[in-house]
Amino acid sequence: MGRGKIEIKRIENSTNRQVTYSKRKNGILKKAREITVLCDADVSLVIFSSTGKMNEYCSSPLIKQLDRYQKASGNKLWDAKHEYLSAEVDRVKKENDNMQIELRHLKGEDLTPLNPRELIPIEAALEDGLVGVKAKIKEHRRALEKKTRMLEEENKRLIAKLQQVEIHGRGEMDTGANNGYNNQKAADGTRDYPSHNDNHHQVPFAFQMQPIQSNLTTATTNNNNNKYQLLD
């Protein structure tokens, strides 16, 4: 028993509508891929669901197929402004491709198909670039040498300043030590006298000699008395 014929009209039930959309969408995308492979055809398919979700299939870039459609049908898909923008995009892409080729040549790549006349400007560009690089290196080197000299001068200045601070500190320490020594001697009741080599002031000294043994005088007197007795 075959399937009954389905009436083509909007499905009112949202669930059934969504299920039918999913099945039919997958089927038509499959058919688009098959016709592309079987018949070597260019196919562009864009589907928007009721919720705004997009599904697409393009056997080749869509912009190319739209250009073909515009030329074949005579219908303008965009105005002059869009055509100008499209031409500008093509121009920029072409320039970018040429720059990529030149960059590969400057790197020494893809040089085999070039003839000597095409190699001459590449050599000149490389030489100019080398001159510029050397000049930049010299500039950086001069700046580095200048900075090194400035740092050396600053280092010398700091060393001299540090030496001055150390000398000043030792002087203050010596002055403080002498003041403490003099204050200690003043507290002990003693004083320092200049040496014999000091010609500024000389203080005379007086000494009183005393016998170490106290009986020397008595012994001398007794000896004299004994002498007198013997003479008598």
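Modeller: Let's begin with helix α2, residues 62-73: its 12 residues reach 16 Å from the first C-alpha to the last, close to the 16 Å expected at 1.5 Å a residue. That expected span is 1.5 Å times one less than the number of residues, and helices (H or I, at least four residues) and strands (E, at least two) are DSSP runs numbered from the N terminus. After α2 comes Gly74, with a positive phi near 80°.

A word on the ground rules: this is a predicted model, in which local features need pLDDT of at least 70 and side-chain atom pairs count only at pLDDT 80 or more, while totals for chains, interfaces and linings use all residues. Residues are numbered from 1 along each chain as its sequence is written, and side-chain values use heavy atoms, with hydrogens and water left out.

Val46, for instance, has Glu56 in β2 as its bridge partner. In a regular strand the side chains alternate between the two faces of the sheet. In β1, Leu45 and Ile47 make up the covered face, and Ser44, Val46 and Phe48 the uncovered one.

Between the strands lie 5 residues, and here Gly52 takes a positive phi near 95°. Ser49 is also in the loop that links β1 (44-48) to β2 (54-58). Why does Ser49 count as buried? Because its relative accessibility is 14%, and buried means under 20% relative accessible area, with exposed over 50% and partly exposed in between (1.4 Å probe, protein chains only). The side chain of Ser49 also makes a polar contact with that of Thr51, at 2.9 Å. Such a contact is a pair of N or O atoms within 3.5 Å; within protein, one must be able to donate a hydrogen and the other to accept it, and residues adjacent in sequence count only if both atoms are side-chain atoms.

Stepping back, the protein chain has 5 helices and 2 strands, in the order α-β-β-α-α-α-α along the sequence. Of its 232 residues, 8% count as buried.

Key: Two strands pair if DSSP finds at least two bridges between them.
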